[in-house]
Amino acid sequence: MNKIIIFDTTLRDGEQAPGASLTSDEKLEVALQLEKLGVDVIEAGFPVSSPDDLRAVNMVGRRVKKSVTCGLARCLEKDILAVQKSLGKVSKPRIHLFLATSKIHLQYKFKKAEQEILEIACNATRMARRYFDDIEFSPEDATRSDRDFLFRVIEAAITCGARTINVPDTVGYSYPQEIYSLIRDIRNNIPNINKAVISIHCHDDLGLASANSLSAVLAGARQVHCTLNGLGERAGNASLEEVVMALKVRHDAFGDCNTTINTKEILRTSHLVSSRTGFIVPPNKAIVGGNAFRHESGIHQDAILKKRNTYEIMDPKDVGMGETELVLGKHSGSHALAKRLADLGFKLDSEKIRIIFEKFKALTDKKKEIFDDDIVALVEEEMREKKQVYELVSIKVITGTDIVPQAFVAIKYKRKTSQAQSSGDGPVDACYNAVDKITKIKTKLLSYKLEAITKGKDAQGMVRVEVIAKGKNTVGRGSSTDILEASVKAYLDALNKTL
Ligand code: KIV
Ligand code: ZN
């Protein structure tokens with residue numbers, strides 16, 4: 001078998017998507033799920049970019065055992081030392097060095113000649129070798145670089161110690177045949193190329209990122225950079241679920257190329273990334289969109305009932321769909337819940353299970369069917385509530401099409417309950433104004449996103465807000481079957497993190 005290494009950059013390039021920033025705890029949570037998904041390499045961040053990111057990369061490197069943890073660095077001493085600081089003591093570290101090689105970058109970004117770039121690449125790789133065995137080198141904007149120069153830089157990087165050569169289509173400019181010939185030419189023209197794994201990194205500016213990545217695999221690339229839900233800078237990166245499922249479903253076309261991804265974890269990972277970044281997955285997104293396995297037309301439905309693969313090229317269960325279907329209901333007991341919690345990977349003592357069971361029972365009064373994702377939300381809500389300084393006691397909202405919304409909010413702070421009333425542009429705004437009256441914290445709401453956790457009209461809503469308060473940028477989340485309650489919980493969660 002020809003193993004295709006899956007290099008996941010959701011936590012680095014994915015996080016570069018405007019508005020997708022993650023806290024270090026969220027990065028760790030996603031990284032642990034990526035490990036469960038079976039990705040080979042997790043690019044956890046760009047340590048020199050901020051102390052928070054350095055810490056996040058370190059946390060991921062210490063906790064993740066099976067996957068390699070990677071940190072990004074420019075070819076600068078301070079960047080390499082930042083990766084060394086975050087990953088120097090972890091068991092499976094990789095450094096990813098990058099340096100642009102295209103004429104346009106050399107002329108306008110660096111104002112440097114080709115010879116200088118060659119030297120910088122070589123010196124940085126040699127320096128990285130002092131701290132790391134596993135070095136990946138990316139000639140940024142490779143697809144728009146002069147071929148001869150690109151080949152010389154790659155050869156030099158390998159001579160100086162790079163073990164993986166990643167070929168970025170940084171601005172998503174290429175098309176599949178062009179990528180194929182580039183990878184083929186790299187294999188045929190660089191004398192020491194056999195000492196390195198060839199990797200591909202495609203952006204989706206023309207909607208070709210996954211197709212280009214697969215074309216690179218056909219030409220001999222053995223590592224693919226990708227992200228969950230295709231998240232990433234601008235239009236995003238090649239999407240992990242598309243690349244992995246294309247290799248699996250079209251095994252006939254890709255020879256014996258295989259990944260070791262546990263595809264049944266794809267949907268769960270996609271949901272987690274969506275909920276933590278606040279980037280909602282469009283319903284028509286391949287593999288993970290809500291409509292990806294839904295059949296609307298009568299002709300299709302009829303045929304599916306006769307033989308599924310008349311209109312289905314993969315089994316939804318293979319990506320984890322159906323695994324999270326209806327699990328429990330009003331009459332389920334605490335043993336059934338405890339077993340389900342254990343199956344979902346939660347290690348909780350009997351007291352915590354008792355608390356979650358109470359919440360579960362309260363939820364069954366509001367909601368007929370309880371799904372795995374509802375249970376995960378209950379556990380997360382409980383963990384968040386434990387850390388709350390400001391705690392929601394109650395809300396009442398009066399709203400309608402032709403009245404100014406009014407909110408009455410009560411919050412507990414240090415055992416004392418305070419109440420306030422306020423109006424607003426909408427019911428959420430009214431609630432947030434009332435909260436501000438109580439806390440007296442000056443805040444600015446940067447983003448607000450609401451998503452249904454499961455399906456049905458009675459589904460729980462998950463709200464994610466990004467807030468600036470006390471000069472800090474924080475993210476808060478809250479869930480409930482009542483979206484106004486979820487909104488206030490998310491807002492308080494964000495404020496609590498600033499205290
Ligand atoms: O798109 C790009 O070129 C990158 C590099 C850092 C590999 O993300
Ligand atoms: Zn990129």
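Predicted model: local features only at pLDDT ≥ 70, side-chain atom pairs only at ≥ 80, totals over all residues.

1. The residues of the shell around ligand 1 divide into two nonpolar, five polar and three charged. The shell consists of R12, D13, H96, F98, S138, E140, P168, T170, H201 and H203. Two strands, β5 (93-100) and β6 (135-140), each supply at least two of the shell residues.

2. Polar contacts to the ligand deserve a separate look. In the side chain of R12, an N or O atom is 3.0 Å from an oxygen atom of ligand 1, while for the side chain of D13 the corresponding distance to an oxygen atom of the ligand is 3.1 Å. A polar side-chain atom of H201 likewise lies 3.1 Å from an oxygen atom of ligand 1. On its own the ligand has 260 Å² of accessible area, of which the protein covers 94%.

3. How many disulfides does the structure hold? There is one disulfide, formed by C122 and C160, with their sulfur atoms 1.9 Å apart. Because C122 belongs to helix α5 (residues 114-131) and C160 to the loop between α6 (147-159) and β7 (164-169), the pair ties together parts that are 38 residues apart in sequence. Both of these cysteines, C122 and C160, are buried.

4. C202 takes part in no disulfide, and the nearest cysteine sulfur, which belongs to C226, is 10 Å away. Seen from C226, the closest cysteine sulfur is that of C202, and the 10 Å between them is too far for a bond. C202 is buried, its relative accessible area being 0%, and C226 also counts as buried, at 0% relative accessibility.

5. The structure holds four aromatic pairs, among them the edge-to-face pair of F46 and F98, with 6.3 Å centre to centre and 65° between the planes. Since F46 lies in the loop between β3 (41-45) and α2 (51-63) whereas F98 lies in strand β5, this pair ties together parts that are 52 residues apart in sequence. F46 counts as buried at 19% relative accessibility, and F98 is buried with a relative accessible area of 19%; F98 is also one of the residues that surround ligand 1.

6. Another of the aromatic pairs joins F357 and F360, which are stacked, at 6.0 Å centre to centre and with 25° between the planes. These two residues are three apart in helix α13 (residues 350-366), so about one helical turn separates them. Both F357 and F360 are buried.

Terms used: Residues numbered from 1 in each chain as written. Chains lettered and ligands numbered in written order. Heavy atoms only, no water. Near = heavy atom within 4 Å. Polar contact = N/O pair within 3.5 Å; in protein donor to acceptor, adjacent residues only side chain to side chain. Areas by Shrake-Rupley, 256 points an atom, 1.4 Å probe, with all protein chains shown as cover. Helix = DSSP H or I, 4+ residues; strand = E, 2+ residues; numbered from the N terminus. Nonpolar A, V, L, I, M, F, W, Y, C, P; charged D, E, K, R; others polar. Disulfide = S-S within 2.5 Å. Buried < 20%, exposed > 50% of the residue type's maximum accessible area, 1.4 Å probe, protein only. Phe/Tyr/Trp six-rings, centres within 6.5 Å; stacked < 30°, edge-to-face > 60°.
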